[in-house]
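Subject: Structure for you to look at, with notes

Dear colleague,

I am handing over the structure we spoke of, and my notes on it follow below. Please read them with the model open beside you.

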Amino acid sequence: MDAFTAGLLQRIHTTQSDLDRARQSGDDFLAELEQGELDDLHRLAAEHGVHVNAA
């Protein structure tokens, strides 16, 4: 796995964790921001052929 793929997958994992915490704490604004970031990361992964396993 190259550095780009590893970094992207780590960012996706971290953002998913942050999104889960925001949802659990009831912070709708933060959850919306994290969801947008996660969507962007998934789109970037798809554009570069990086397969992301669903949690």
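R21 forms a salt bridge with D18, and the closest N and O atoms of the two are 2.4 Å apart; the term is used here for a side-chain nitrogen of Lys or Arg within 4 Å of a carboxyl oxygen of Asp or Glu. Both R21 and D18 lie in helix α1, three residues apart, which is about one turn of the helix. Helices (H or I, at least four residues) and strands (E, at least two) are taken as DSSP runs and numbered from the N terminus. R21 is partly exposed, with a relative accessible area of 49%, and D18 is partly exposed as well, with a relative accessible area of 24%. For these classes, buried means under 20% relative accessible area, exposed means over 50%, and partly exposed lies in between (1.4 Å probe, protein chains only).

Before going further, please keep in mind that this is a predicted model, in which local features need pLDDT of at least 70 and side-chain atom pairs count only at pLDDT 80 or more, while totals for chains, interfaces and linings use all residues. Residues are numbered from 1 along each chain as its sequence is written, and side-chain values use heavy atoms, with hydrogens and water left out.

The structure holds three salt bridges. One of them joins the side chains of R11 and E37, at 2.8 Å from N to O. Because R11 lies in helix α1 (residues 3–25) and E37 in helix α2, this pair ties together parts that are 26 residues apart in sequence. R11 counts as partly exposed at 44% relative accessibility, and E37 is partly exposed with a relative accessible area of 29%. In another of the bridges, the side chains of D40 and R43 meet at 2.4 Å, N to O. D40 and R43 both lie in helix α2, three residues apart, or about one turn of the helix. An α-helix has 3.6 residues a turn, so residues three or four places apart point the same way. D40, at 42% relative accessibility, counts as partly exposed, as does R43 at 45%.

As for the overall architecture, the protein has two helices and zero strands, and its C-alpha atoms fill a box of roughly 35 × 15 × 15 Å, taken along the principal axes. Of its 55 residues, 22% count as buried. The protein exposes about 4,000 Å², of which carbon and sulfur atoms supply 51%; accessible areas come from the Shrake-Rupley method with a 1.4 Å probe, and for residues only the protein chains shown count as cover.

Turning to α1, its 23 residues should span 33 Å at 1.5 Å a residue, and its end C-alpha atoms are 33 Å apart, which agrees; the expected span is 1.5 Å times one less than the number of residues. At the start of α1, a side-chain oxygen of D2 reaches to within 3.2 Å of the backbone nitrogen of F4. Just after α1, G26 takes a positive phi of about 80°.

Which residues of α1 are buried? They are T5, L8, I12, T15, L19 and A22, and the buried residues of α1 pack against α2. T15 counts as buried at 7% relative accessibility, and, leaving aside residues up to four places away in sequence, T15 touches E34, E37, L38 and L41, where contact means heavy atoms within 4.5 Å. Among contacts between residues at least 6 apart in sequence, 54% join residues at least 24 apart.

On the surface, F29, L30 and L33 form a nonpolar patch with about 300 Å² of accessible area together. Patches are made of residues with over 30% relative accessible area and no salt bridge, like charges being joined within 9 Å and nonpolar side chains (Val, Leu, Ile, Met, Phe, Trp, Tyr) within 5 Å. L30 lies in helix α2 (residues 28–47) and counts as partly exposed at 32% relative accessibility. L30 and D18 are twelve residues apart in sequence and 8.8 Å apart in space, C-alpha to C-alpha. E32, which also lies in helix α2, is exposed, with a relative accessible area of 62%. The C-alpha atoms of E32 and T15, 17 residues apart along the chain, are separated by 12 Å.

Technical notes:
A polar contact is a pair of N or O atoms within 3.5 Å; within protein, one must be able to donate a hydrogen and the other to accept it, and residues adjacent in sequence count only if both atoms are side-chain atoms.
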